[in-house]
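Dear colleague,

Please find the structure handed over below.

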Amino acid sequence: MVKIDNLVLPDFPLLLAPMEDVSDPPFRAVCKDNGADLMYTEFISSEALIRDAIKSRKKLDIFDYERPIGIQIFGGDEDSLAMASRIVDVTNPDLLDINFGCPVKKVACKGAGAGVLKDIDLMVRLTAACVKATKLPVTVKTRLGWDDATKNIEEVAERLQDVGIKALSIHGRTRCQMYKGEADWTLIGKVKNNPRIHIPIFGNGDIESPQKALEYKNRYGVDGIMIGRAAIGYPWIFREIKHYVQTGEVMAPPTLEERVAVCKKHLRKSLEWKGPKVGIFEMRRHYANYLKGLPNIKEYRNRLVILNTLEEIESVLDEVLAAYQGFEAPHIPIELINYHEKCPV
Ligand SMILES: Cc1cc2nc3c(=O)[nH]c(=O)nc-3n(C[C@H](O)[C@H](O)[C@H](O)COP(=O)(O)O)c2cc1C
């Protein structure tokens, strides 16, 4: 088992990465059903939380069935982070995560997110402020460093552990890489194998198959893996990795019935949490992923994205089920969308 302070996770836990506009409660519900061991909210600005920004407060919504769950915050100011930590405390998640990895200009260039990687002393002060302000275990998610010339994650890990963080997730890219190139796990492995480090180290970046997850587990010795993009439209990635790690066998992909059932659950949860208008609108981006690989599916997809009621959408999904009866859904390799231009973080 893996322990984050007093929180006990199973051996080699699989974490759902925090993803802005993706890791909301409806998406988390289907990832939880399929084996995510620890999940995070989207990142929340400490300043916005303090201003009582409605959208940010809504991101604090967590549900008991999601546990264990962490709330992620970001900010570049000690007082704001401390105050935001106290606000998070009241909502009682299982842990508080600080984002020191966000590479976008509006965050990193204001001295928050990955911007803090340029100033480890500041990073340590910000972390200490959170640790002091909350009774929750504090964890950090970050990158290898600011750029190729300053990959300081080994020092960062030691110093953050010294000020009291209880686990560290490392995305194997620098800030300047954004999402370009391949994630490099070498330094993640080095941090994990540093005898001074005793907190769990979770590796993150480009895991998109059970085979790669097991290979990286064995090669780098990390305590667990955090998965982001591969879970988008494919929450089954968690159970497939678990099955492969435990048995060495590749699990059959989800059946069409399952794909449709999970898509419907995601839709219903979306409506419950966001209300009918936003719930239906924001669900539109997900149909293509859930129905990927079905031949000539475009006609159905085009209809799904213009409908406005739950009943109509569910009825088209039932039509898909009937039309593709007996169709063996192929195992489509998950593509990691290159978010470095489009992606907010
Ligand atoms: C759409 C999107 C939104 C993201 N939002 C966040 C975020 O709010 N907080 C964070 O720490 N990382 C965020 N990330 C980074 C992911 O957590 C993760 O580190 C990154 O996608 C690499 O993992 P992957 O290769 O498994 O996707 C985001 C990534 C994507 C694609």
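Which strands make up the closed barrel, and how are they paired? Eight strands form it, in the order E3-E4-E5-E6-E7-E8-E9-E10, with parallel pairing. Here strands (E, at least two residues) and helices (H or I, at least four) are DSSP runs numbered from the N terminus, and two strands pair if DSSP finds at least two bridges between them. On average, neighbouring strands of this sheet are turned by 25 degrees against each other, direction ignored; the axes behind such angles are lines fitted to C-alpha atoms. As one example, strand E8 (residues 167-171) runs parallel to strand E9 (residues 201-204), joined to it by 4 bridges. Within E9, Gly203 stands opposite Ile170.

Please note that this is a predicted model, in which local features need pLDDT of at least 70, side-chain atom pairs count only at pLDDT 80 or more, and totals for chains, interfaces and linings use all residues. Residues are numbered from 1 along each chain as its sequence is written. The mean pLDDT (the predictor's confidence in each residue, from 0 to 100) is 93 for the protein, and 95% of its residues reach 70 or more. Over residues 340-345, however, the pLDDT is below 50.

Around the ligand there are 26 residues, of which Ala17, Met19, Phe43, Gly228 and Arg229 come nearest; a residue is near if its C-beta atom, placed from the backbone, lies within 6 Å. By class, this shell has 14 nonpolar, 7 polar and 5 charged residues, with Asp, Glu, Lys and Arg counted as charged, Ala, Val, Leu, Ile, Met, Phe, Trp, Tyr, Cys and Pro as nonpolar, and the others as polar.

Two backbone details deserve mention. Most residues other than glycine have a negative phi, and most peptide bonds are trans. Arg67 and Pro68 are joined by a cis peptide bond, with omega about 0 degrees. Asp5, in the loop between strands E1 (2-4) and E2 (7-9), has a positive phi near 60 degrees.

Methods:
Contact = placed C-beta atoms within 7 Å. Axes fitted to C-alpha atoms, helices over the stretch in contact; angles between N-to-C directions.
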